[in-house]
Structures are given as C-alpha cells and as structure tokens.
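Work through the exercises below with the sequence and the 3D structure open. Try each task before reading its solution.

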Amino acid sequence: MQRPPIYYRGDVPYAIGYVELPEGVRVETLFSTSDFEQLRIGLDVELVIERLHEDEEGNEVLTYKFRPVVR
Amino acid sequence: MILSTVRIEKRETDRPIEYDFPGWLKMRKLREVAVAGVGLTRFDSYDGEKGRPYKDFYELGNEAIRQALSAAEMFWPEIQAAFCGSVYCGTASGHQTIARLGLTGIPIVNVENACSSGSSAFRLAYQSVGAELCDIAIAVGFEKMPRGFIASTAWPEWQRKMGFNVQPADYALETVRYMEEFGVTIEDISMVTVKNRRNGALNPLARFRTPVKIDDVLSSRMIAKPMRLLHACPLADGGAAVILCSRKRLKSKSRAVTVAAAVLTSGTYGHAKGGGSVRVHTPSNVEISAQQAWDESGYGPRDMDVVQVYDTMASSELWDLENMGFCGKGEAPRLLREGAFDIGGKLPVNTDGGLMSRGHPLGATALAQIIEIYKQIRGEAGPRQVPGAMVGLAHVMGAGSNSGVVILKR
C-alpha cells in the first residue's frame, strides 16, 4: 500500500501478504522489509516481533511480522 | 451436485475427506416473479460542489422509486413490502427514504450486506413475491458515499490497525496470485478498464463517460502494487429501484421480464478471507453462487446473452467470469483481447460500463447491474444494445464475503 488507510498508523508504504505455515495454516501478515521488490510468491520468511506504531500515550504497540530469510 | 462436496487433504499421503454441508440443499421452487418497473438515477458525486447538485441519500432513493413506479404504472400505496439496500446511510435509512413517498405502514427492511446490499434486497423482494407472501414488493438501493478509501468495518479492529482489509490491497494480493498462476499481464488487466470505460461512454447515467487508453491506465497513480488508480472503480452517489410483482399484477404484459434466479452465498472456509488452511479445498463463494443460479434457473453459462460482472477492481471481472464458468481458468484475458466481451462480442460483459464507469454507490450498485440486464433484454439499452438479448446475468460481490447472482429472462 502506498498510502495509509484509515485506522493504520504504521510506516508507509507497507507490504502485506499471506504466509503459509508448514502445518498448512495460512496467516495474513505485514512484511518487515524495505525492499518490496524482493517479495514474491514462494519466498521463505521468518517470524519477527516489531513495532507497529506508537499509541496516544507514547507506548510502543508491537505486532508479529514476517521477513524474508537471508541465506 | 458436485459443489456440495468439500475436500480436505490431511496430509499429502492421506486420501481427501469428503463431506456435505446440508445447508447447501436446493431452495424450494417459487412462483413466477416479474419485473414491473425500474428506476435509476445518474451515478455521480452529489456533493453540491463545483456546480454539481447536492442530493442526500433519501432524495436519490426517492428519485429512483418514483421512476420505477411511473414505469410500472403503479402508485406507492400499491407496494406491499420494501427492502432497502445501503451501507453508509445509518439507521432506518430506508424508512427515511420512503417517508417522503407515503407512510402506508408496510414492512420496510433495511439491508446492509456491503457491496452486495442491492442484490440481497432484490433477493428478499423476489422471495416475498415468489413465496406468495405478497404480490408487489420493491427493492431499493441508495448511497451517499464517504470520500477516499472506504473505511470498512467488516473485519475486527486489530486487523484494520494492521493495515489489512483495504480493498485495493486485498485485490492486489489476489491479482498477484492470478497473474503468477496463469501468466496474466498487467496490460491484460488494464484492458478491462479500457473496455468498460468505452462502454460507459454509451451510458448517460454513468459517472465517467470518457473512454481511456491503455497507457492512461498504466500511467495512473499506483495504489497497491500492481493495482493503479484506473484499475479501481470510482466512488459515486446514486439511487436505484426495482419493483417486482406476480405476473397477474403486471400492468403491461408486453415484453415481460421475469426472474429466473436470485442467489446469495457467503464465503467458504479455505479461501483467503474465509481464513484457514491451504490444504482445505472448497469451491469459492463465486463458484457456489453461480452453480446455484444455474440449478435454480435451468440455464448454463452458454445461455447468457449479456452479463454484468463485479468489476470493483479490473482484475476481478476476469477471474469472476472464469469462476462462474463462462470460460476456463486463466482464459478470460485471451477472450478479452479477442473482443469476446465487447458489445457485439460472443458474451458482452458490463455493457453499461460496469462499476468502472458508473461509479460505486454501495447500496445501489447491484440494482444498477440488474437494471442494465433488464434494459438489455427489453431492448431498451439504446446505443449499447446487445441485439436479440433474451437472458442475462448480474453478479456482485461484497465484503463478508458475499456473492449475489441474479438471472433475468424474457
């Protein structure tokens, strides 16, 4: 997404997609990467916990994300 | 029926498990229901700015109802039930609309089913007359749209805060998968916009009535890669109304149009928005709704003379045509290139310009699609008329998810 939709206060642009876990469950997720061009179907990714945004009181709101595995 | 089987792969070595959903049993046969009259406002931005008139949703709904009554040669007190589709107009919006026509005490039901609200309202009106609960019912759709990206509340708050469930992004994800799976190009997808905007130029009620070239589409602003601004339908305000009645109550029986099917389905587990597992293979919402419409009407895809498909994003027109069985998976882009979906082609699609030209007032959109089919099979579509059209289908999707299919015949 190039612009932030309403309710979303994280970084823009941002990338979302689906990750298929080895057990067969499909998860919708944000991707942690600055290189959106590398994202493609079939890419290996790993789980990370990162900042989504800061709330009104200055607290960090954390979220799960996936990032491409560096080999 | 093949579609009532769900296949679950436990592991690659295991045999799939099959079982039936009893909820997919066939609907009871209804009596014949005719379209008595239709009404449709021009879809536009009625915001009172830049010389445009200001109109609120109830004025737009009202305008459409009055047109439909006049076309049906009926008076408001004859209407026995009203089903009013809208999404962003607040509580009792149907009542507010109808209060300006006459307080006759009839049941008014407000129908919010996202982008498929109008189709859902139509189906309820159809069932009321078809099941002989009444003889004359009206389906109304209207909307005064908020501006910008639609703030969908169709999913939990945490998902919205994560930036999920933004329509262009959701469709972008599906589009990337579609392009990868079938070797479809962004040029193929852009041709949907080109075709629909060309058709829209023939529709005086469309919001956009100027054709665009493929380069215009490909150079428009990127919204969610690979989808650009001209791959997305514009918003609009508008109103639409369809009066349904028993054949006996038709004032004019010449060129009578009847309802052959009105189907509504919701999502199935195993598809992206149905959540779940990549190992569960269920038919999609669109596939189920199309199959039910074929079963209910006795028609098949080859019988359709004209079709309106939900082109909220350009790519969805292509895969929806495939999922409804009009062609094989991945074949729609080639047929589009060959002109099969043009007015004058083998299967004209979105003859009035679709959402892409009309604009998208959520509550009214599906009824505008149904009205285009009605006009086509009545031979009243003017310069965009499909010669000899006798049977047509209108298909709409909605967040939830919903898939609505209506087939009209003469």
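**Exercise 1. Count the salt bridges between chain A and chain B, and name the residues involved.**

Step 1. A salt bridge is a side-chain nitrogen of Lys or Arg within 4 Å of a carboxyl oxygen of Asp or Glu. Between chain A and chain B the count is one salt bridge.

Step 2. Lys225(B) pairs with Glu37(A), and their closest N and O atoms are 3.0 Å apart.

Before going on, note the conventions. The model is predicted, so local features need pLDDT of at least 70 and side-chain atom pairs count only at pLDDT 80 or more, while totals for chains, interfaces and linings use all residues. Residues are numbered from 1 along each chain as its sequence is written, chains are lettered from A and ligands numbered from 1 in the order in which they are written, and side-chain values use heavy atoms, with hydrogens and water left out.

**Exercise 2. Describe the interface of chain A and chain B.**

Step 1. Taking contact as heavy atoms within 4.5 Å, 25 residues of chain A touch 32 residues of chain B.

Step 2. The two chains bury about 2,500 Å² between them, with 60% of it on carbon and sulfur atoms. Buried area is the accessible area (1.4 Å probe) that two parts lose on being put together, summed over both.

Step 3. On the side of chain A, Tyr7(A), Arg26(A) and Ile41(A) lose the most area to chain B, together 28% of what that side buries.

Step 4. Four residue pairs, both at pLDDT 80 or more, are in polar contact between chain A and chain B. A polar contact is a pair of N or O atoms within 3.5 Å; within protein, one must be able to donate a hydrogen and the other to accept it, and residues adjacent in sequence count only if both atoms are side-chain atoms.

Step 5. The elements giving two or more residues to this side of chain A are β1 (16-20), β2 (26-30) and β4 (60-68). Helices (H or I, at least four residues) and strands (E, at least two) are DSSP runs, numbered from the N terminus.

**Exercise 3. State which elements chain A has, and in what pattern.**

Step 1. Chain A has zero helices and four strands.

Step 2. Along the sequence the pattern is β-β-β-β.

**Exercise 4. Find the angle at which α6 (186-200) and α9 (314-323) of chain B cross, and classify it.**

Step 1. Axes are lines fitted to C-alpha atoms, for helices over the stretch in contact, and angles run from 0 to 180 degrees between N-to-C directions. The two axes come within 7 Å and cross at roughly 100°.

Step 2. Angles of 65 to 115 degrees count as roughly perpendicular, so α6(B) and α9(B) are roughly perpendicular to each other.

Step 3. Residues making the contact include Ile189(B) and Val192(B) of α6(B), and Ala314(B) and Leu318(B) of α9(B).

**Exercise 5. Locate the salt bridge of Arg249(B) in the chain.**

Step 1. The partner is Asp135(B), with the closest N and O atoms 3.3 Å apart.

Step 2. Arg249(B) lies in the loop between β9 (238-246) and β10 (257-266), and Asp135(B) in the loop between α3 (117-130) and β6 (136-143), 114 residues apart.

**Exercise 6. Describe the backbone at Pro13(A), Pro226(B) and Glu132(B).**

Step 1. Val12(A) and Pro13(A) are joined by a cis peptide bond with omega about -10°; Pro13(A) is in the segment before β1 of chain A.

Step 2. The bond from Lys225(B) to Pro226(B) is also cis, with omega near 5°.

Step 3. Glu132(B) has a positive phi, near 65°, and sits in the loop between α3 and β6 of chain B.

Step 4. Most residues other than glycine have a negative phi, and most peptide bonds are trans.

Conventions. Parallel < 35°, antiparallel > 145°, perpendicular 65-115°, else oblique.
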